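I opened this model to see how the chain is put together. My notes run from the overall layout down to single residues.

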Amino acid sequence: MHIGSGLNAVAPLYGQQKSSSTKAPEERTFNAVETPKVYQIFTTDNMLWTGGNGTGLSYCLKYADESTDENPVVLAKGVDENGKEFERKIYINDVNPSNATVVEMRALEAHYKVEKQGGFTSLPLEAGNMGLNDRRDFISMFKKSIEDLKKLGKFDLSLLWMKSMDTYLNLTSANSRYK
């Protein structure tokens, strides 16, 4: 992409003074950086959750056609951190927070309507750096966040994260095979 004499036309818009020189501006060449594809998310009434994270992972969650009260199944559809499209089924009763992906945890959060701390998320903030297939021990992540907050004297925030952690521990112990 080449940027030339059009620079003088936009300079006043940014509070810069137009040069009185009649000399043509120096021409510069910039390389365009290719960015990954972002999943186009249009919310509908049956959507459980839509969004993404800092890696470029973006997706939506809704119940799969075969989902039942006894065996809830969530369909995740979107693009991974590399811009590759994906579609996956998540069997809620099989999600183990001690070894889960961020998409599985979002499905748990959405299915059980877990209270979001600060209105944003009920998951540890480290989840914002996870890719589609990254598995983590979310319980350990919670414990580390709680410990760090206590060291910082942020006891009120540590209690919020403790509440989230306890919610996931109680949900999975009562409703899954990880009892």
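The entries below follow the order in which I looked things up.

**Ground rules.** The model is predicted, so I kept local features only at pLDDT of at least 70 and side-chain atom pairs only at pLDDT 80 or more, while totals for chains, interfaces and linings use all residues. Residues are numbered from 1 along each chain as its sequence is written, and side-chain values use heavy atoms, with hydrogens and water left out.

**Layout.** I counted secondary structure as DSSP runs numbered from the N terminus: helices (H or I) of at least four residues, strands (E) of at least two. The protein chain has four helices and six strands. From the N terminus the order is β-α-β-β-β-β-β-α-α-α.

**Cover.** I called a residue buried under 20% relative accessible area, exposed over 50%, and partly exposed in between (1.4 Å probe, protein chains only). By that rule 35% of the 179 residues of the protein chain are buried. The chain exposes about 11600 Å², and carbon and sulfur atoms supply 50% of that area. Those areas come from the Shrake-Rupley method with a 1.4 Å probe; for residues, only the protein chains shown count as cover.

**Core.** Next I looked for a nonpolar core, meaning buried Ala, Val, Leu, Ile, Met, Phe, Trp, Tyr and Cys residues joined through side-chain atoms within 4.5 Å. The largest has 32 residues, and Leu61, Val102, Val103, Met105 and Phe138 touch the most other members. E4, E5, E6, H2, H3 and H4 each give two or more residues to this core. In soluble globular proteins, nonpolar side chains tend to be buried together.

**Helix H2.** How many of the residues of H2 are buried? I found 10 of 10. I then listed contacts, meaning heavy atoms within 4.5 Å. Leaving out residues up to four places away in sequence, Met105 touches Val95, Pro97, Ala100, Leu123, Phe138 and Tyr168.

Lys113 sits in the loop between helix H2 (102–111) and helix H3 (138–151). Its phi is near 50°, a positive value in a residue other than glycine. Lys113 is exposed, at 67% relative accessible area.

**Ala76.** I picked Ala76 in strand E5 (residues 73–79). Is Ala76 buried or exposed? Ala76 is buried, with a relative accessible area of 0%. Its C-alpha atom is 4.7 Å from that of Leu61, 15 residues away along the chain. Beyond four places in sequence, its contacts include Cys60, Phe86, Ile90 and Val103.

**Aromatic pairs.** I paired rings of Phe, Tyr and Trp (its six-membered ring) when their centres lie within 6.5 Å; planes under 30 degrees apart are stacked, over 60 edge-to-face, the rest tilted. The whole structure gives four such pairs. Tyr59 and Phe86 are tilted, 6.4 Å centre to centre with 55° between the planes. Tyr59 lies in strand E4 (residues 58–63) and Phe86 in strand E6 (residues 85–91), so this pair ties together parts 27 residues apart in sequence. Phe142 is buried at 0%, and Trp161 is buried at 11%. Ring pairs also link Trp49, Tyr59 and Phe86 into a cluster.

**Salt bridges.** My cut-off was a side-chain nitrogen of Lys or Arg within 4 Å of a carboxyl oxygen of Asp or Glu. The structure holds six. Glu66 bridges to Lys89, with the closest N and O atoms 2.8 Å apart. Glu66 is in the loop between E4 and E5 and Lys89 in strand E6, 23 residues apart. Glu66 is partly exposed at 36%, and Lys89 is partly exposed at 44%.

Helix H3 holds Lys144 and Asp148, four residues apart, about one turn of the helix. Their side chains meet at 2.9 Å, N to O. Glu147 and Lys151 have that four-residue spacing in helix H3 too, and they meet at 3.4 Å. Glu147 is partly exposed at 44%, whereas Lys151 is exposed at 63%. An α-helix has 3.6 residues a turn, so residues three or four places apart point the same way.
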